[in-house]
Amino acid sequence: MKKYFLTTVFVICLAGLLIAIALPNFIGAQDRAKISPVHVAPAIDQYSYATAPIPGTTELSGKEKLNTEDYDPIAENPFLETRKNPLSTFSIDVDSASYSNVRRFISEQRLPPIDAVRIEELINYFPYHYPSPTGEHPFSVSSSLSECPWNKKHHLLSIALKGKPVKTSDLPPSNLVFLLDVSGSMEQANKLPLVKSAMQLLTENLRPSDNVAIVVYAGAAGVVLAPTPGNQKETILKALDQLESGGSTGGAAGIDLAYQTAQKYFKPQGNNRIILATDGDFNLGLSSDAELVRLIETKRNEGIFLTVLGFGDGNYKDNKMEKLANQGNGNYAYIDTLREARKVLIEEMGSTLLTIAKDVKLQLEFNPLKIKSYRLIGYENRLLAAEDFQNDQKDAGEMGAGTTVTALYELIPADGSGTAHELKYQKNEVSELAKNSTEAVTVNLRYKQPQSNQSKLLKTIINDQASQWVDVSEDVKFSAAVAAFGMQLRQSKHLNGWGYDQILFLAKQNKGQDTGQHRQSFIALVEQAQEL
């Protein structure tokens, strides 16, 4: 009897062991079927697509879903005394992700987290009618100094850049790699299904001279479409249509493979770009911000640019994706609707896909006899040390064709006396030029051509005569309304009693030419936020 019992126990244990060994392979086979390659690039042998769920996780749905969205903290820029801080240095930022993400929150009848609001991205979401470049440089630089609408005792300084527009038909041939997250977290309707629809939109607008490869990642990375000419749309669309979600998220492996693929089919005179579409929730392999940023930094000097498109909610990792775009010579947008996908990938195709200048940095020097103190509105996570302006090794923002970039400063005028707190160990003197000049600000700008490692310098002088607010352009007034809205959402202490009524009045009066109805949509968004 005892012998029979021991034999039975042995058989049960052996059967359990065999199931334990076979089950992962079965799960892997199921996930391999979900993202099996359509065409595998010749240089790539075989990839394991095992994407088993992470142990201990629980799938929730609807309102039960845990909210693990991540945003880096932002401390609002303070006023800085010009005598002690004469230089203000920062990188441009053409990202627009924060605006559409804020819109998503408000459309869900809730105000966004304060740290989800990056004011410069709200301002730069909108196109402005700045003068186009006419000289040797790929963009124009213009400025406006006026009264500040929310504090008449202060001035508002606008620095505006406008990139040289390029028609879609005149864009250089593109070597694109769609890097798509197909992990289990992308299953929701506003994630992988919307990713596929967005990429289909872009595919429909490709030319025969363009080529597209598709790299996907979940538990591992693989090429599901080798580089394919843009006129073979059915092949590309079929590959997109077959994608399904499942498994964990090994984003680093996907990034590495996408760069390999882009480099192999590199177009020396073309636009070489990776388009990463994800919710940013990397949880396999390299996953920390620092590790991923270092990976991107090793790749950005290969002449391959990066566009990051964020999707979804609940586990959205805004902080991770912004860092990848910032450090990877790229831009970052959040896609909450198919209309937004059309704006980013079709209406703004030139600015999204074609970089005309990289590492664009601004350094403003303020005359202490004209400007007592200043405050840069937004750009908190794009600030640079003063010495970084001269350092061509220091990464900064990129500009696309036709892009407009706006930076706003709130200034407190000086009384002209030049008095300041005396320092014990050094003299705080003002030059004769400052005393005998009408100059208020010198704007220094550095940029590089897309394939160059050496920067060029531009200088612009702004005089101290501030315009009356009534004489300021509609573009400046509208950008001020957007900035004030961002300050309102961030509960800024600098609005001086301004609220939604004043913001709405300013926006409605300065809607101007609104071809895409984006400004009208902004007014509706402010009205929604006011109700909340």
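Tutor: One definition to begin with: helices (H or I, at least four residues) and strands (E, at least two) are DSSP runs, numbered from the N terminus. This is a predicted model, in which local features need pLDDT of at least 70, side-chain atom pairs count only at pLDDT 80 or more, and totals for chains, interfaces and linings use all residues. Residues are numbered from 1 along each chain as its sequence is written, and side-chain values use heavy atoms, with hydrogens and water left out.
Student: Where is Gln-109?
Tutor: Gln-109 lies in the loop between helix 2 (97-107) and helix 3 (119-123). Its phi is near 65°, a positive value in a residue other than glycine.
Student: Is Gln-109 buried or exposed?
Tutor: Gln-109 is exposed, at a relative accessible area of 52%. Buried means under 20%, exposed over 50%, partly exposed in between (1.4 Å probe, protein chains only).
Student: And what is phi for Gln-517?
Tutor: Near 60° for Gln-517, again positive in a residue other than glycine. Gln-517 sits in the loop between helix 13 (500-509) and helix 14 (518-531), and with a relative accessible area of 43% it is partly exposed.
Student: New topic. What does Pro-173 touch?
Tutor: Not counting residues up to four places away in sequence, Pro-173 touches Arg-207, Ser-209, Asp-210, Lys-267, Gly-270 and Asn-271. Contact means heavy atoms within 4.5 Å. Pro-173 and Asn-271 are 98 residues apart along the chain, with their C-alpha atoms separated by 6.2 Å.
Student: Which loop holds Pro-173?
Tutor: The loop between strand 4 (151-163) and strand 5 (174-181). Pro-173 counts as partly exposed because its relative accessibility is 31%.
Student: What is Ile-214 in contact with?
Tutor: Leaving aside neighbours within four places in sequence, the contacts of Ile-214 include Phe-178, Leu-180, Val-224 and Leu-240.
Student: Last one: which residues in helix 6 are buried?
Tutor: Gly-251, Ala-252, Gly-254, Ile-255, Leu-257, Ala-258, Tyr-259, Thr-261 and Ala-262 are buried there.
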